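Please read the report below alongside the sequence and the coordinates.

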Amino acid sequence: MDMLIAKELTVSAALGDGSVPVIRDLNFSLPPGRILGLVGESGAGKSMIGRAIAQLFPPSFAVTHGELMFDGQDLVRMPAETRRELLGSEIAFVPQEPLSALNPVLTIGQQIDEHLTRLRSGNRRARHDRALAMLDAVHLSHGAELLSKYPHQLSGGMCQRVLIAMAFASRPKLLVADEPTTALDVTIQARIVELIAEMQQNARTSVVFITHDLRLAAQICDDILVLYAGRPAEYGPARRVFGDPAHPYTGADAGPERAQKYRGLSVRAALSAQGRRLRTRAAALHRGRKEPSRRLHPQRHNGRDLCSSRRAARRRGCGHTAADDRGLVQDIRDPSRAVCQKRLCRGEERELRAA
Amino acid sequence: MSAGQMRQFLPKWLRSSRVAIGLVIVGVIGLCAIFAPLLAPHDPNDQSLTAIFLPPVWEQGGDPAYLLGTDSLGRDVLSRLIYGARLAMLVAVFASLGAMLIGATLAHIAGYFGGRIDAWIGRAVDVWMSFPPVILSLILMVGIGVGVRNVILAIVLVDWTRFCRVLRSEVLVVSRKDYVAAARLLGFSHWRTITREIIPASLPLLITLVSLEMGIAVIVEAILSFVGLSVSSETPAWGQMIADARQYIYDSPWNLIFPILAIFTAVLGFNLLGDGLRRTLDVRVTETQRV
Amino acid sequence: MIASVLPLIGRRLLASILILFVVSVLLFFVLHALPVDPAAMSLPPNATIAEIEAKRREMGLDLPLPRQYLIWLSQVLHGDFGVSIHYRRSVVSLVAGTLPATIEMAALSIVIAGLLGVVGGLVLFHVRGKREEPLIDFGSILLLSIPEFLWSLFFILIFGVALQWLPFTGRLDPDMRLPHGSGFLLADALLAGRPDIFWSALKHLILPCFALGLAFSPTIMRVLRSSLIDVYHEDYVHMARLRGLSERRILLHHALKNAFLPTLSLMGVQFGFLFGGTLLVEVIFSYPGLGNLMVDAVRNADLPIIQLVGLAYCVVVLIINTVVDSLYLLLNPKLRQR
């Protein structure tokens with residue numbers, strides 16, 4: 001049974017007398033032991049998914065449509081007490097800013113001890129030993145000294161390791177890592193990501209890895225879900241998404257060869273100036289009060305339509321979806337043409353077999 | 001039209017219910033102060049030895065001529081309260097304005113120019129504030145003598161530090177903003193920059209502080225007249241009424257209750273006004289948006 | 001850990017000496033601007049002008065003010081604070097007899113104010129966003145508007161006169177005598193093994209200390225509430241929730257510890273005001289402390305007492321400020337490592 005399933009999940013913010021959706025019609029499923037990468041720009045709504053799982057929204061945000069199931073349980077409708085039991089034990093989180101995620105007036109040892117007490121890890125002796133073992137597992141040396149230090153005495157990377165240790169302490173079924181490396185030095189980003197992958201393998205945890213950096217996602221993720229302006233733009237196994245992106249946003253402009261060239265780079269780098277204009281417009285609309293009838297203005301990219309008015313996700317038989325409009329699929333190579341879904345899918349399969 | 005709808009017609013700062021209640025209270029006391037000779041049924045210093053310790057009219061033995069009763073010398077309590085309002089408002093208004101002028105001026109100079117000037121003014125404020133204000137005002141009254149003008153002066157000399165300290169941090173923040181630098185770059189003089197750019201930003205806090213200070217001034221004046229160091233015994237003062245009534249607490253507890261209520265109501269009015277204004281005038285929203 | 005506080009204390013000591021110096025100068029000059037003639041005050045009413053003049057010369061009042069100040073200063077540095085004009089006793093002995101009483105009252109009051117403030121602040125914080133909030137907030141403004149001397153009178157009326165539950169004059173029951181000791185009655189009574197004196201002293205302290213405590217608690221409540229609100233915006237609170245900790249645990253173990261630091265700072269500032277407030281409370285309750293001594297001295301224009309008492313108040317406030325700042329330094333881990 002899949003660990004985390006989202007069905008047409010929609011999260012909206014109440015603004016004035018209307019509501020603006022920040023995530024729209026999200027569908028994905030995460031099997032046990034797999035890592036799903038959630039990629040997108042700032043404002044694309046990825047952090048909202050983390051909040052949706054915890055059901056800890058900022059004021060005036062809420063799930064307005066759809067379902068979110070964790071291990072068969074409805075996360076949105078379950079009573080608060082049950083959910084609180086899950087948090088920290090079966091569902092764990094790794095935050096974006098490690099230094100401010102720890103209480104500045106308590107020592108690391110006190111905070112780990114509190115967490116272990118909550119997990120009912122035995123008496124004080126047992127908890128102390130367990131804490132040392134946890135720090136060892138995340139490759140932090142001098143564990144005993146570390147326990148008596150305060151967060152501001154540690155570096156960002158060390159704090160993040162502590163937080164990762166605390167997250168995996170309960171061998172959670174699901175881990176949500178919300179941009180865990182954004183606040184860290186580039187030099188240690190890769191190592192932290194590898195650490196997460198290592199801990200994940202030991203604990204067989206399903207991971208939702210939220211990031212804006214496609215390169216980092218490519219490092220460890222099994223599946224990728226690309227978000228654009230709150231909507232799923234691309235979803236599928238990592239290799240496919242990077243190798244043959246269906247949505248222009250993911251693969252910039254057309255063509256598998258182009259996509260190949262851009263694979264591994266961040267989405268930002270892959271887009272041209274026009275794409276940047278698109279993004280700004282999308283962000284401005286996000287902040288707007290009305291639900292725009294046209295999500296994005298039609299843009300031309302190298303003479304081709306990048307998108308048009310209404311959007312609806314369609315699942316293609318090959319497990320690889322791309323957002324389209326008017327129920328038809330745009331031909332990536334020649335977007336001025338709209339072809340029937342089935343034909344394009346079959347054509348794609350032929351190409352893949354040839355490659 | 002419901003009350004909520006009517007609210008829209010009021011200027012923004014008036015919409016808070018606190019401001020409204022505060023204004024009403026302050027207004028009533030102000031009217032008492034201004035129209036005291038017209039409102040008071042008796043001369044406040046009129047003694048009547050046949051009618052001492054009369055209870056209020058609703059108690060047994062009360063006399064409708066003396067609505068709130070009389071004190072130990074037969075003076076009408078209501079009239080003394082009304083005339084006491086005059087002294088209280090006088091001191092409140094002038095003392096807080098005076099303290100505001102000195103404190104705000106020094107605060108703006110310190111915050112705007114910074115550096116050595118700020119350090120010296122800050123030190124002066126620290127020395128001043130290392131002294132409990134009650135003690136200081138007492139000592140000042142000993143030094144400069146009694147009388148209304150001296151009371152106002154004493155309060156001004158003691159409380160300007162409160163204005164200075166609070167406003168200085170505000171002015172510091174505003175002075176570092178870009179639009180102030182822009183004004184200077186455009187060639188505005190210091191004077192013009194301060195009056196045109198900075199004061200409008202610190203004005204809401206200033207108004208709030210003035211209102212709160214009026215409440216504090218009423219209290220300080222009451223304390224001083226309680227101790228007998230405020231005005232001569234000719235002038236009715238709420239604090240003095242309390243001091244008198246305290247001696248005869250078993251004979252007539254009402255004489256103690258009314259001036260207490262008067263002081264409390266006045267201070268409450270100023271505090272409500274100040275607090276309400278703080279919420280409505282502050283453009284940067286505070287934690288609760290509630291009124 | 002203590003070592004980190006020493007530099008702060010050292011700096012404060014130097015600054016305090018300077019402040020005391022300035023204050024003493026100001027006090028001296030303000031008081032000597034009096035129209036009252038201390039020489040005439042210290043002689044019987046039928047003294048002749050010649051006798052008054054002689055007294056003036058004896059007291060050094062004919063010298064220019066700055067010289068008078070220096071004479072006074074040198075006397076002070078030798079420990080001679082002069083003799084009270086009214087009581088004809090040394091000023092130091094008078095102050096020493098009354099200072100402990102005031103400190104005892106102030107200490108108990110600040111404890112009460114702190115407890116009430118923390119509880120009230122938690123309540124204020126708990127009701128935020130709920131329907132009861134405007135009402136309770138209004139209540140806190142109501143509390144704010146009642147100064148300590150109104151509370152005192154109020155308590156006297158209700159608990160002293162109407163209900164007659166508690167005494168409201170003096171430090172002890174009239175038939176009891178002060179035990180020998182430091183002057184801190186509660187401690188002295190316990191050490192002398194006299195529980196009856198202890199209870200009597202405590203009963204006499206209840207009304208004045210609650211009056212002071214209630215008067216100064218609303219500010220503490222409001223500061224604690226706003227600090228808690230600020231703390232709740234921090235990341236670690238959100239993280240604690242994500243770890244499944246209960247709201248209660250987050251409030252009491254995480255948020256309160258962080259929000260307490262600015263509140264402590266404020267309590268230090270408030271103590272200065274509270275100590276000044278003891279003056280009036282002592283007058284109202286006829287409590288034989290420093291405040292009553294001061295008011296009598298003011299009424300009698302007894303300058304030596306006024307000067308020393310003024311300095312005494314200043315010293316106490318400076319000590320309290322230093323203690324509070326040191327405590328802040330000790331409690332805040334971020335500032336400790338220097």
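The model is predicted, so local features need pLDDT of at least 70 and side-chain atom pairs count only at pLDDT 80 or more, while totals for chains, interfaces and linings use all residues. Residues are numbered from 1 along each chain as its sequence is written, and chains are lettered from A and ligands numbered from 1 in the order in which they are written.

**Interfaces.** Two residues are in contact if their C-beta atoms, placed from the backbone, lie within 7 Å. Between chains C and B, the contact takes 42 residues from chain C and 34 residues from chain B. Helix 11 (247–285) of chain C is among the elements that give two or more residues to the chain C side, and its eight residues are the largest share of that side. Helices here are DSSP runs of H or I with at least four residues, numbered from the N terminus.

Chain A meets chain C through 20 residues of chain A and 15 residues of chain C. On the chain A side, helix 2 (80–86) and helix 3 (108–118) of chain A each give two or more residues.

The table divides two of these sides by class; Ala, Val, Leu, Ile, Met, Phe, Trp, Tyr, Cys and Pro count as nonpolar, Asp, Glu, Lys and Arg as charged, and the others, Gly among them, as polar.

| Chain C, touching chain B | 34 residues | six residues | two residues |

**Core.** A nonpolar core is a set of buried Ala, Val, Leu, Ile, Met, Phe, Trp, Tyr and Cys residues joined through C-beta atoms within 7 Å. A residue is buried if 20 or more other C-beta atoms lie within 10 Å of its own, exposed if 12 or fewer, and partly exposed in between. The largest such core has 246 residues, and A:F209, B:I155 and C:V309 have the most contacts inside it. Helix 4 (residues 77–113) of chain B gives the most to this core, 19 residues.

Beyond its neighbours within four places in sequence, A:F209 is in contact with residues including A:I35, A:L38, A:A177 and A:I220.

**B:I199.** This residue lies in helix 9 (residues 190–227) of chain B. B:I199 is partly exposed, because 15 other C-beta atoms are within 10 Å.

**Confidence.** The mean pLDDT (the predictor's confidence in each residue, from 0 to 100) of chain B is 83.
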